[in-house]
Amino acid sequence: MRKALPFNDARHLEAHQFLVDEAYLLDAQQYDAWLDTLTDDVRYVMPVRVTTARGAGFDTSPGMAHFDEDKYSLSQRVARFATEHAWTEDPPSRLRHFVTNVRTFAGDDPEDRAHLLVQSAELLFRSRGDVNESAQVSCGREDVLRWCDDRWKLARRSIIADESVLRMQNLAVFL
Amino acid sequence: MGAVTDQREVFENVRRGMIPAHIYNDAELFALEKERLFARAWTFVAHESEIPRDGDYVVRRVLDDSFIITRDSAGEIRALFNMCLHRGMQLCRAELGNASNFRCPYHGWSYRNDGRLIGLPFHREAYGGDDGLARSGQALLPAPSFAGYNGLLFVSLDAHAEPLEDFLGDFRFYLDFYTKQSTGGLEVRGPQRWRIRANWKIGAENFAGDMYHTPHTHASIVDIGLFREPTAQKRKDGATYWAGRGGGTTYKLPPGGFDERMSYVGYPDEMIDRIKAVWTPRQRQVVGEDGFMISAATCFPNLSFVHNWPKLPGSNAVLPFISIRLWQPISENETEVCSWFAVDSAAPPQYKRDSYKAYLMCFGSTGMFEQDDVENWVSLTTTAGGAMARRLLLNSRMGLLGNDRPVVEALTAESFHGPGRAQVGYNEYNQRALLGLWADYLEAAGA
């Protein structure tokens, strides 16, 4: 098994700070600032999890995802929120992205100081209005951070949902 | 409620297009829906392309009843009630996979993927062998009725259900637009599954005929330039149609012949050629002569379709996608949405990729159309659960004058070549037709 960087390694501290800063932007729905933390070639995917037998060798739905995004499609989603007609987030949800279990790994190539692999666990709490119960999504994330423009940016994110049937009315928000 | 007379009043109001608001959140009516509607009607469970190889299976529910939809080792597709014959354990607990046998985790009874019981531990010692319990002839209960149309597989819990083709009736004509674009038919991916705190009928009605909501609910999609069509003007030029057990909406296409119009919504030439080879002359006339392109539709009771053509990234070119979706009722105020992406199996690989991306942008758990719909439906359902909703009749009479004459006359057979009743413009004919069928089922006592 690969060994995570020690928690006092500067690279781990930077990766951890990246995720916490990002969680703040997502909670506050500062999506333009969030888009700016993504590389231009970002890949942002969230496969559909399925229940399979232990020996099946797969636990995601073949060829189907909730998110399968690039910078263009994420930008379109963000642009929609800036219109006056994105009813699902108007009034906006109250969001809290809890990020924990952060582990950072150096890339395969020891000479490559420009990439970090970061695993994290996330719990998204979302509350709307005053009548309906709040909703939660629990997931794991596997990210690739890339050093560019003198800072870390998100180049790839795989979101591993912990439910096969999401208990949230939509994913109009990001994980 | 509860009293039969009260329910009769509900159904009478529904039939005249005045909908008692509480039908969208009413536990007693939901119990009646289970007993009289979902225990009888044909309901969608899977598409054949989800189980392409021998031994493939998916597990699907018809409300509370779980079925293994399996392609057995001889290639035959079956729907087997997912309950062990011995102690009633749920036999298969995965939702998809490939298996030659299913073995119960409780006492180890084993079944072939065609449902036959093939083994039970200590058969001789515990039962005295076949003397005590004959294995032959023992099999998982098959679905009472099971049939397919263009690869869409349906179950009915009624062993005496009318044949599926009769149930669907003339809606088959329109189903072909979505599900038969070549001799090979569709391939589907998914479903995405998520739960919404909304009554199942709302989505079914919306997809059946609600052209009126598109310009307003989905304004943001036009604002960001993803979609060129759903402006108010464009949408009301479309026609709605109702035929047999289903109905839907269409968009009016610009002038041109069949090929030009199919090309206008983004079908590449090779797909148009295959489509022409499998659609009947009348089906081609709906597009080529009448100038209507199918959009959303619902097959009673809870299966919907959508066909749209958003713009490709960074371009004015558009590309179609198709989605199939099931509004699986959980309770009177909760629905599991199962949403599949569907594409013609013979479509070029790049088309399939682009169409899939177009689907994800627009519909499904992350789709930008869908998000705003569900927000409304959850709110409607919540409000329908209160005491005041029992005093409110929702006006669902759009398209009807006070004397029940139509605001806009139905299209003639010369101007609309599809079966059933079609008309141009905003109206709620289809929603009334859907809820009319709903009322028919709920009023009919058991055989």
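Two strands count as paired when DSSP finds at least two bridges between them, and helices (H or I, at least four residues) and strands (E, at least two) are themselves DSSP runs, numbered from the N terminus. The structure is a predicted model, in which local features need pLDDT of at least 70 and side-chain atom pairs count only at pLDDT 80 or more, whereas totals for chains, interfaces and linings use all residues. Residues are numbered from 1 along each chain as its sequence is written, and chains are lettered from A and ligands numbered from 1 in the order in which they are written.

In chain B, three strands form an open antiparallel sheet in the order 7-8-9. Strand 7 (101-103) and strand 9 (117-119) of chain B lie at the edges with a single partner strand each, so one side of each is left without a neighbour in the sheet. On average, and with direction ignored, neighbouring strands of this sheet are turned by 35° against each other. Strand 7 of chain B pairs with strand 8 (residues 110-112) of chain B in the antiparallel sense over three bridges, and B:F102 stands opposite B:Y111 in strand 8 of chain B.

We turn next to the helices. Helix 5 (residues 171-179) of chain B is mostly covered, with eight of its nine residues buried, where buried means that 20 or more other C-beta atoms, placed from the backbone, lie within 10 Å of the residue's own. Among these buried residues of helix 5 of chain B are B:F171, B:R172, B:F173 and B:Y178.

Helix 6 (residues 200-209) and helix 15 (residues 429-443) of chain B pack at an angle of about 140°, with their axes 8 Å apart; axes are lines fitted to C-alpha atoms, for helices over the stretch in contact, and angles run from 0 to 180 degrees between N-to-C directions. Helix 6 of chain B is therefore oblique to helix 15 of chain B, since angles under 35 degrees count as roughly parallel, over 145 as roughly antiparallel, 65 to 115 as roughly perpendicular and the rest as oblique. Helix 6 of chain B contributes B:A204, B:E205, B:A208 and B:G209 to the contact, and helix 15 of chain B contributes B:Y429, B:N430, B:Q431 and B:L434; two residues are in contact if their C-beta atoms, placed from the backbone, lie within 7 Å.

Finally, the contact between the chains takes 36 residues from chain B and 34 residues from chain A. On the side of chain B that touches chain A, the largest share, nine residues, comes from helix 14 of chain B.

Conventions: Buried ≥ 20, exposed ≤ 12 C-beta atoms within 10 Å, placed from the backbone.
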